[in-house]
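Here are my comments on the model you sent. Please read them with the coordinates open.

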Amino acid sequence: MSDAAVSPRRTFALDGLMLRYAVLVGLIVIASVGFSLANSNFYSITNVGILLRSISVLFLVSMGMTFIMLTGGIDLSVGSNVAFSGGVGVVALTTTGSATIGFICALLAGMAIGWVNGVFIGRLRLSAFMVTLATFALARGLALVIYDADSINVDNAAFLWLGGTSWNNLPVVIPFVALMFIALSVLLYRTTFGRNVYAAGSNFNTAFVLGRRPERSVVWIYVLSGALAGLSAIVTVGRVSSGQPWAGLFLEFDAITAVILGGTALSGGRGRLLGTILGVLLYGIIINGLVLTGTNPYLQSLIKGMILLGVVLLDTYTQRGKSV
Amino acid sequence: MTILKKMTATLAVAGGLMGTTALADEGTLDIVFINDGHVAPYHVAWLSGFEDAIAAYDEAFSDLEVTGRWLSAEGSLEKMIQQAEVTINEKPDVMFVNAINVDAFEPLVAKAQAEGITWIAVHSPMESADYSFTLGDVTNGRNQGLAMCALSGGEPFQVGVMLGQAGNPSGEARRQGILEGISSCDNIEVVAEQPADWDTVKAQSIAENWLTQFPDLDAISGVTDGYMYPAIAVAQNSGRDDLQFYGYDGDVPIIQQMEGGNVMADILLSGTREGWNFVQMAYRIHKGEELDKVYDFFTPLVLSEANHEKALANGFPEDIEVFYVDRALEVATKGYLEFGPDSVQ
Amino acid sequence: MTKRIDMKGIGKSFFATRALDNVDFSCVSGEVHALVGLNGAGKSTLMKVLGGVISRDEGIIEVNGERVEIAAPADAGRLGISMIHQEYSLINELTVAGNIFLGRELRRNGPFLDKSEMARRVKQQLDRFGLDLDPNRPVRELNSGEKQIVEIIRALMSDSWLIVMDEPTSALSEEDKGRLFEFIRRMKSEGISIIYISHHMPEIFGIAEQVTVMRDGKIVLSERTAKTTEDAVIKTMTGTELDGFVKPHKDIDGNVTLSVSTLTKPGTYNDISFDVRRGEILVLTGLRGCGAPEIAKAIFGLDADYSGTISYGGKQLKPGRGPAASVRDGMGLVTENRDKNGILPQLSVRDNIALPFLEKSVRGGIIDGKRIDTLVNKAIADTSTKTSSPDQEIRFLSGGNKQKICFSRWLDPDLEFLILLEPTRGIDVHAKADIYRIIEELSERGVAILILSYEIDEVIMLADRVITLYQGSPVSEYTYPNFEKDQMLSDMAGVGQPH
């Protein structure tokens, strides 16, 4: 094959993700303008705060989901894990009275579920879909057992701080999510761990032959996703001032939706955290806007589905266009 | 109104005509109803009753523009809190909130009140709310239990009670009432109590288990009519034509099985009625009427006329208000009969 | 009635590469026509044109003198042309008869399948060719030879008269080979025509009437087998293809880096022993199935299932220790299948190069991007890889450049031993010269190199020492400069081995 045929493709290749981000930004602008025309309240500072806070948990789990989907995997257990690790945290808090112990227990519980996922998927090479479908049920069951199927009210101010406190109109969770984004970006782009994430997802065999131990990386990636579920649990408890056995219901689907919107390839190896952030933002704006405009909930699901399908179609179209 | 019609209506709104925001003028009444779900049959009836009532009140009073919308948290507390936050920011006049967990809403109630919004806690009462719209679950449950006592015929009688989700306050109150009512006579034995989590599929397997486990079972009682559909079907399929059913909710198809069927008693909630009652209540508050802080939804017991006579003969209290089947069916689907604009003019 | 197919003046280019150049090829019913040539000579491309899998740029195809169009595999099927693939396209859960009638099942009344009639017809065909196989057996119970027979019967029962077999014996046992050859003889007598692609001289001269040799997309020899010899075919297969590279002279007197002793994996390789010294290039060669890739796997720690010992730097290696340990000890591997396990397709050229030695560029837990850039830019320059930028996704590069990147990963100064499996497979001539130069530079630096190559010219050009293998056993050993090309080819092709 000649090298001459190669160079023009380069621009296309870069355009792949960039085009997606441009489309997302475009959709975000269109949605924002549309909603603000329909409801002048959309751009109020309060509403922006409400919007960002409402998607803060989705931001956290979607970033974990991005790592996982970069390896070609999927984590259906995150939503259940939020309920489970929240339950462990709240019970630890109420028995010991120490917010610190509560935090640590919630994080460890989340990581434990992630570790189980990781060992089955990374070491034993079972299908991620299958394994996390099992832990999806398992973690929810554990949560119901821990909570005895009932919610537990929490009034420990320190424990509620992260999810519940606002500085004027700025919920503290928003800068926290921003910090996590920076930290996870450094982890993904500037460390060997991050490179191994991409390597495992792009070609597990090659990564293995090159001595990158992808089987080990995968375990840690699921542990990371579990830890983010644990953090999300703390934020959720703070937000609803209570531990809920049904917390995080369908969260995994929202997260997968956001990650796919953000251009991460389902087959792995391709995608960036920025895309996920844009995906979550678009998703959040649409949900918020639909509430603001009083759109019928029967219609909301329809609209969400159409947006996802539309973006994915557009993507397929542009991808096909250039691989000819 | 069918779901499809609703969707078309909303499409028209979503299509760019979305100008429904409250302008807090004198002549407007904006009502928002945040519910925990929107797909269960009771929810569907409830929400459409609410929508129909909004339209009827808007039409009936030419000096007042009545607007309203409902939101569904789809079972998620996180989502419900977000919806409440967004709604408060919109400053409607009245908010009905069917909170999944009332404690989580305390800060929001304060915020809403600071904005001058009337907060009405639905089903689970809240001290801080302006009003609590309650169902009288304990009383209703007790009425169901008393009816069972009066209709059981004095012989040893076994009943299984299907409960709501563990820890759900409304379900717990209904359970408490039913057991209180049953305990007023000593021939009834509660052989099983099991939560079916408001889930018809779970109710079906529970009913199947009970019929094999307790061959002498005489009746199934439930805290919602949602359980009655599978229970009746399971009984019919296993040839248990003698099994009695005691429902709760006033679903039309269940009441319809009272004459000549085995449904003995029901509690007439009816989602449609409740939706209409919301709008009537909001209107009355708007007009400056003083209502009870804890407002009990009027939920009569439904019996067939024959059974009511039989029950009275067996010592059923005469002061308990009873609707007969025809009346119950009429008001169940036509909320305006009791709560329409005519009721406040 | 005899039939014949003629392909005339066929031409096909991929980008700037001329894959087929004015090729004339014909086949007559009742004959086996052997098609031979080195890898990349154009055999597969020609057969893909015949099968309608790829389109030709020029030329015509005639059946019995009438011009036909083959634009899709379905057209080939209609004309009675069938390809038997090395990867079997059978459904394991169906029976032999079920597979053969797949998609054109016989029905009794209504929707019900007439299984007994289908089995009867298959049985009839099997008997006709003297084959003993139960039509009602599920395909999953069959061995490779039997599966191949099912494929051929399927082709015959859909009225094929021309059957293309691509290296049909590569996965077969001796017994199955015998059965296949008998089957082929019977087919010939029934008027079936067979195009037989193979490297095995004994097979070709055992069953083929006509042999055609391709080289660089052209026909270089087409002759009756009775009128030519194994040696003549071997000679025409090769030709000098490379001018851009001359092997420099060097002395090999360093320490032994790797030592393999009596390495055996039953059915794969037998009693393999050799040493590789610092700076030495040892080439293992043979035909496909000679066992060399499996030996490499054992050395790199990917396979624990062998007997014998492997020592590296004087220490015996634990079987199946995994590639991470091998890389840590200074071993590298360039795999034979770039796209399957050589590259990370969606990742950038930079990531693909930097990956194995990433830890060396980490400062305080964070990757030092500048250092990586320096290394990567040097690697790209040293290997003259053509890429628009290190950010380029590797999947958009040409095969040769992908392969250079697979090499440039291992340019790290700590590398001591490098295994190369088919280092120039599917690569154009210019990239080949670059790759040979990289290999020589590495060996001059003292890296011990073990190469598996099936291309004789490459073997001779690169090797300091050559070991030929036939079916897993060592045949002979040659030391630079005493390479006798024809003798090597004979050793590899099993010349002198029983037909």
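Predicted model: local features only at pLDDT ≥ 70, side-chain atom pairs only at ≥ 80, totals over all residues.

1. Strand pairing in chain C. Strand 11 of chain C (residues 256-265) and strand 14 of chain C (residues 307-312) run antiparallel and are joined by five bridges. Strand 14 of chain C is also joined to strand 15 of chain C (residues 315-316), again antiparallel, by two bridges.

2. C:Tyr312. This residue of strand 14 of chain C stands opposite C:Leu258. In strand 15 of chain C, the bridge partner of C:Tyr312 is C:Lys315.

3. The hairpin. Two residues lie between strand 14 of chain C and strand 15 of chain C. In this hairpin, C:Gly313 takes a positive phi near 60°.

4. Contact of chains A and C. Chain A contributes 29 residues and chain C contributes 39 residues. On the side of chain A, helix 1 (9-38), helix 9 (192-202) and helix 10 (204-209) each supply at least two residues. By class, that side of chain A comprises 11 nonpolar, 10 polar and eight charged residues.

5. Domains of chain B. The assignment gives domain 1 as 3-135 + 271-298 and domain 2 as 137-268 + 301-329. Taken over C-alpha atoms, the centres of domain 1 of chain B and domain 2 of chain B are separated by 31 Å.

6. Contact between those domains. How many residues of domain 1 of chain B are in contact with domain 2 of chain B? Six are, and they meet seven residues of domain 2 of chain B. The side of domain 1 of chain B has four nonpolar and two polar residues there, and no charged residues.

Terms used. Residues numbered from 1 in each chain as written. Chains lettered and ligands numbered in written order. Pairing = 2+ DSSP bridges. Helix = DSSP H or I, 4+ residues; strand = E, 2+ residues; numbered from the N terminus. Contact = placed C-beta atoms within 7 Å. Nonpolar A, V, L, I, M, F, W, Y, C, P; charged D, E, K, R; others polar. Domains from an automatic or database assignment.
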